[in-house]
Amino acid sequence: FYGVPYFALLLSGRLPRSQALQLSAIFLGICSQGVLGWYMVKSGLKEIPNDKSYTVPRVSPYYLAAHLTSAFSIYLFTLYKGLSFYSANSPKVLAPLSAARRVNNLYSLALVSTASVLTTAFAGAFVAGLDAGLIYNTWPLMGGRFVPPEYYEEGTIKEKLFERDATVQFNHRWLGASSLLLITTTWLYNKRAVSKDLPKRVNRLVGAMMGVGVVQVLLGISTLLTLVPVPLAAVHQAGSLTLLSVGVALIHVLRRIR
């Protein structure tokens, strides 16, 4: 679906050098994604000898997180470049000079919020890989505590961040909450300081990011409280990609009017 039109355009010689390089980067990313996916699957095909608890093959959470983050990154880069190609011939709308600093601040908030959502999705891959959503199925406390006792047990930082079910779930919970806080800050800043000086599409995108962010957090909490049913977990993952898409669209529009 990508390789045939990619090579057709590339061999036609009609692509500017910059666009050819960008499309080539996407093609290489897709190829590397396939290789990474194979290593991820391969990591789950190794049966542990004499381990009676081994009943279901499990892929490495590290490969799973890398595979998911890589896929999201390729998609988001493709989306951003697609928006750039689509709007290349559209007239550029500039914000009033008096609002330039506030527009830059809004752009920075949108950038940080979107990066936080991507980080949360990365942490969510470890929750999925470790089945960490099957413990502490309460909200907002975990076993009656804000911080689970597993965080205080001895171990390396790597173990606490990526290898313990309880700590991995804790990280994902509060990265998600932090992302929503950043999105809310972006929405409030736009509403109070910038909205009157910007095109309506910016206000619509900020509002959409706020709405999708709230729905995504509610989906996450519902998935946890209901012991992670696969359909709801899949919707939650799709919600993260939707939220990232809105964030990238907002960043693209703001960059054009700065």
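Among contacts in the chain between residues at least 6 apart in sequence, what percentage join residues at least 24 apart? For this chain the value is 76%, where contact means heavy atoms within 4.5 Å. This is a predicted model, in which local features need pLDDT of at least 70 and side-chain atom pairs count only at pLDDT 80 or more, while totals for chains, interfaces and linings use all residues. Residues are numbered from 1 along each chain as its sequence is written, and side-chain values use heavy atoms, with hydrogens and water left out.

**Overall layout**

- The chain has eight helices and zero strands; both are DSSP runs numbered from the N terminus, with helices (H or I) of at least four residues and strands (E) of at least two.
- Along the principal axes, the C-alpha atoms fill a box of roughly 65 × 50 × 35 Å.
- Of the 258 residues, 36% count as buried (buried is under 20% relative accessible area, exposed is over 50%, and partly exposed is in between, with a 1.4 Å probe and protein chains only).

**Helix H7**

- Helix H7 covers residues 200–225, and its 26 residues should span 38 Å at 1.5 Å a residue, which agrees with the 38 Å between its end C-alpha atoms (the expected span is 1.5 Å times one less than the number of residues).
- Buried residues in H7 include Val202, Leu205, Val206, Met209 and Met210.
- The cover over the buried residues of H7 includes helix H4 (100–130), helix H6 (165–194) and helix H8 (230–257).

**Nonpolar cores**

- The largest nonpolar core holds 36 residues, of which Val103, Leu198, Val202, Leu250 and Leu254 touch the most other members (such a core is a set of buried Ala, Val, Leu, Ile, Met, Phe, Trp, Tyr and Cys residues joined through side-chain atoms within 4.5 Å).
- Helix H3 (61–86), H4, H6, H7 and H8 each supply at least two residues of this core.
- H8 gives the largest share of this core, ten residues.
- Another core, of seven residues, lies apart from it, with Tyr6, Leu15, Ala20 and Leu23 among them.

**The largest pocket**

- About 1000 Å³ of space lies in the largest pocket.
- A pocket here is an open set of points on a 1 Å grid over the protein atoms alone where a 1.4 Å probe fits, with protein on both sides within 12 Å along at least five of seven lines; lining residues have an atom within 4 Å of a point.
- The volume is the space filled by probe spheres set on the points, which are joined across faces, edges and corners.
- Of the 41 residues lining the largest pocket, Gly124, Val127, Ala128, His172 and His236 are the closest to its centre.
- H3, H4, H6, H7 and H8 are the elements that give two or more residues to this lining.

**Residues to look at**

- Arg255 belongs to helix H8 and is partly exposed, at 48% relative accessible area.
- Leaving aside neighbours within four places in sequence, Arg255 is in contact with Tyr80 and Tyr107.
- Trp139 and Pro140 are joined by a cis peptide bond, with omega about 0 degrees, and Pro140 sits in the loop between H4 and helix H5 (157–162).
- Asp131, in the loop between H4 and H5, has a positive phi of about 55 degrees although it is not a glycine.
- Leu227, in the loop between H7 and H8, has a positive phi of about 65 degrees and is partly exposed, at 49% relative accessible area.
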